[in-house]
Amino acid sequence: RNKHDLPKRMGELASRIGRRLSITCIGMADQDAEDFSILEQMVEEARPYGAIASFNKPSMNADSLSQIICSQVTSSLTATKRELTNLSSGKSLTVRSDLIR
């Protein structure tokens, strides 16, 4: 398998998991010298299935990377908690894995 298969595989995964999937891609390299198109395509493949997907290119410093990671982790945890909680009762929902799409 090669890296060009990754977007298709991400789409297949997203089609099974849907909105329960959260993916954050971070391109950490010289933005002018590196090609991040595969990461961007992976994100674009996941979104149509309701996945929370983002691609970020931080500056090459620790503060920028830290800000992206903290922001994405917080958003992901909040979305997952909301997805797995019955908003009217506050009780946890059961995720069914026996359903086939």
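A disulfide is a pair of cysteine sulfur atoms within 2.5 Å, and by this rule the count comes to 0 disulfides. The structure is a predicted model, in which local features need pLDDT of at least 70 and side-chain atom pairs count only at pLDDT 80 or more, while totals for chains, interfaces and linings use all residues. Residues are numbered from 1 along each chain as its sequence is written, and side-chain values use heavy atoms, with hydrogens and water left out.

**Cysteines**

- A disulfide is a covalent bond between the sulfur atoms of two cysteines.
- Residues are described by relative accessible area: buried means under 20%, exposed over 50%, and partly exposed in between (1.4 Å probe, protein chains only).
- C25 has a relative accessible area of 6% and is therefore buried.
- C70 has a relative accessible area of 48%, so C70 is partly exposed.

**Helix α2**

- Helices (H or I, at least four residues) and strands (E, at least two) are DSSP runs, numbered from the N terminus.
- Helix α2 covers residues 37-46, and its buried residues are I38, M42, V43 and A46.
- Seen down the axis of α2, these buried residues fall within an arc of 140°, so they line one face of the helix; the arc is that of the directions from the helix axis to the C-beta atoms.
- The buried residues of α2 pack against α1 (6-17), β1 (22-26) and β2 (52-56), where contact means heavy atoms within 4.5 Å.

**The largest nonpolar core**

- A nonpolar core is a set of buried Ala, Val, Leu, Ile, Met, Phe, Trp, Tyr and Cys residues joined through side-chain atoms within 4.5 Å.
- The largest such core has 14 residues, of which M10, L21, I23 and A46 touch the most other members.
- At least two residues of this core come from each of α1, β1, α2 and β2, and α2 gives the most, with 4 residues.
- In soluble globular proteins, nonpolar side chains tend to be buried together.
- Not counting residues up to four places away in sequence, I23 touches M10, M42, A46, I52, A53 and S54.

- S54 lies in strand β2 and counts as buried, because its relative accessibility is 14%.
- Leaving aside neighbours within four places in sequence, S54 is in contact with I23, T24, C25, V43, R47 and Q72.
- The side chains of S54 and Q72 are joined by a polar contact of 2.9 Å. A polar contact is a pair of N or O atoms within 3.5 Å; within protein, one must be able to donate a hydrogen and the other to accept it, and residues adjacent in sequence count only if both atoms are side-chain atoms.
- S64 is placed in helix α3 (residues 62-83), and S64 counts as buried at 14% relative accessibility.
- Apart from neighbours within four places in sequence, S64 is in contact with P58 and S59.

**Salt bridges**

- A salt bridge is a side-chain nitrogen of Lys or Arg within 4 Å of a carboxyl oxygen of Asp or Glu, and a search of the whole structure finds 2 salt bridges.
- Side chains of opposite charge can pair when their charged atoms come close.
- K8 and E12 meet in a salt bridge through their side chains (3.8 Å, N to O).
- Because K8 and E12 are 4 residues apart in helix α1, they are separated by about one helical turn.
- K8 counts as exposed at 57% relative accessibility, and E12 counts as partly exposed at 37%.
- E44 forms a salt bridge with R47, with the closest N and O atoms 2.7 Å apart.
- E44 counts as partly exposed at 46% relative accessibility, and R47 counts as partly exposed at 39%.
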